[in-house]
Amino acid sequence: MKFAVLAAVVGLTTCVTCDSRSATLATPETFAGIGDAATRSAALFTELGKVLTNPRCVNCHPAGDRPHQGELGRVHQPPVERGPDGRGLTAMRCPICHQDANFDPGRVPGHHEWRLAPREMGWEGKTLGEICAQIKDQARNGGRSLDALARHIGDDTLVGWAWSPGFGRQPAPGTQKEAGALVEAWINTGAVCPK
């Protein structure tokens with residue numbers, strides 16, 4: 001009973017903080033009226049930025065070695081660290097708590113690949129232009145080509161968790177398919193970064 005009351009209070013707090021965020025994504029066709037391809041490309045990435053800067057993404061792309069959690073990006077509790085493979089230190093590995101799927105009764109998110117993004121892929125605290133430059137750089141995007149980046153955002157099931165985050169968490173805006181379409185349109189218009 002105490003857990004249910006606490007969960008309800010946390011849920012109410014979460015909803016208050018999420019009301020100002022957009023829950024939708026515009027389609028690439030929305031930007032067709034922008035005649036200049038570079039300007040259209042930057043606008044497409046700016047729309048995708050609603051996903052990239054959402055807590056569902058930033059919490060696991062931290063600036064340091066500790067993940068964040070919740071809608072406010074609090075430092076993960078219990079205190080854990082990245083470890084050599086992004087899955088925690090020996091005594092506190094991610095799969096100890098994070099199973100193959102969300103465990104809603106315990107409010108514990110899950111996925112069989114649960115881990116932090118590599119350190120060089122952390123974008124917490126960066127501007128959208130900086131994030132854009134980072135994810136185009138194969139030295140800082142996990143060695144992905146732009147096509148591989150589109151598949152990562154549009155098809156990777158760990159990325160897809162952001163739209164099915166389980167009880168008490170707001171999903172990333174739109175859908176994974178819509179985010180993938182924005183990435184492809186951004187690439188096809190020159191992959192220009194917003195300033």
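D85 is partly exposed at 36% relative accessibility, where partly exposed is the band between buried (under 20% relative accessible area) and exposed (over 50%), using a 1.4 Å probe and protein chains only. The side chain of D85 meets that of R93 in a salt bridge, with N to O at 2.8 Å. R93 counts as partly exposed too, at 27% relative accessibility. A salt bridge here is a side-chain nitrogen of Lys or Arg within 4 Å of a carboxyl oxygen of Asp or Glu.

A word on the ground rules: this is a predicted model, with local features needing pLDDT of at least 70 and side-chain atom pairs counting only at pLDDT 80 or more, while totals for chains, interfaces and linings use all residues. Residues are numbered from 1 along each chain as its sequence is written, and side-chain values use heavy atoms, with hydrogens and water left out.

**Salt bridges**

By the rule above, the count comes to eight salt bridges.

| Pair | N to O distance |
|---|---|
| R93 and D85 | 2.8 Å |
| R87 and E113 | 3.2 Å |
| D137 and R140 | 3.0 Å |

R87 is partly exposed at 23% relative accessibility, and E113 is partly exposed at 32%. In the D137 and R140 pair, D137 has a relative accessible area of 29% and is partly exposed; R140 is partly exposed at 30%.

**A buried arginine**

Where does R82 lie? R82 sits in the loop between β2 (74–75) and β3 (88–89). With a relative accessible area of 8%, R82 is buried. A network of salt bridges links R82 with D65 and R119. The side chain of R82 also reaches the backbone oxygen of G64 at 2.7 Å. Setting aside residues up to four places away in sequence, R82 touches P62, G64, D65, R87, G88, L116, A117, P118 and R119; contact means heavy atoms within 4.5 Å.

**The chain as a whole**

The protein chain holds seven helices and four strands, taken as DSSP runs numbered from the N terminus (helices H or I of at least four residues, strands E of at least two). Along the sequence the pattern reads α-α-α-β-β-β-β-α-α-α-α. Of the 195 residues, 41% count as buried. Among contacts with a separation of 6 or more, 59% are between residues 24 or more positions apart. The accessible surface comes to about 10,300 Å², and 59% of that belongs to carbon and sulfur atoms; these areas come from the Shrake-Rupley method with a 1.4 Å probe, and for residues only the protein chains shown count as cover.

**The nonpolar core**

In soluble globular proteins, nonpolar side chains tend to be buried together. The largest nonpolar core has 27 residues, and F45, L48, L52 and W186 touch the most other members. Such a core is a set of buried Ala, Val, Leu, Ile, Met, Phe, Trp, Tyr and Cys residues joined through side-chain atoms within 4.5 Å. Which helix gives the most to this core? That is α7, with six residues. Leaving out neighbours within four places in sequence, L48 is in contact with I153, A179, L182 and V183. I153 is one of the buried residues of α5, along with A148, L149, A150, H152 and G154. The cover over these α5 residues includes α2, α4, α6 (157–160) and α7.

**Aromatic pairs**

Rings of Phe, Tyr and Trp (its six-membered ring) pair if their centres lie within 6.5 Å; planes under 30 degrees apart are stacked, over 60 edge-to-face, and the rest tilted. The count by this rule is two aromatic pairs. F45 and W186 form a tilted pair, 4.9 Å centre to centre with 50° between the planes. F45 lies in helix α2 and W186 in helix α7, so the pair ties together parts 141 residues apart in sequence. Both F45 and W186 are buried. The ring centres of W114 and W161 are 5.0 Å apart and the planes meet at 85°, so that pair is edge-to-face. W114 is in the loop between β4 (92–93) and α4, and W161 is in the loop between α6 and α7, 47 residues apart. W114 and W161 are buried as well.

Terms used. A polar contact is a pair of N or O atoms within 3.5 Å; within protein, one must be able to donate a hydrogen and the other to accept it, and residues adjacent in sequence count only if both atoms are side-chain atoms.
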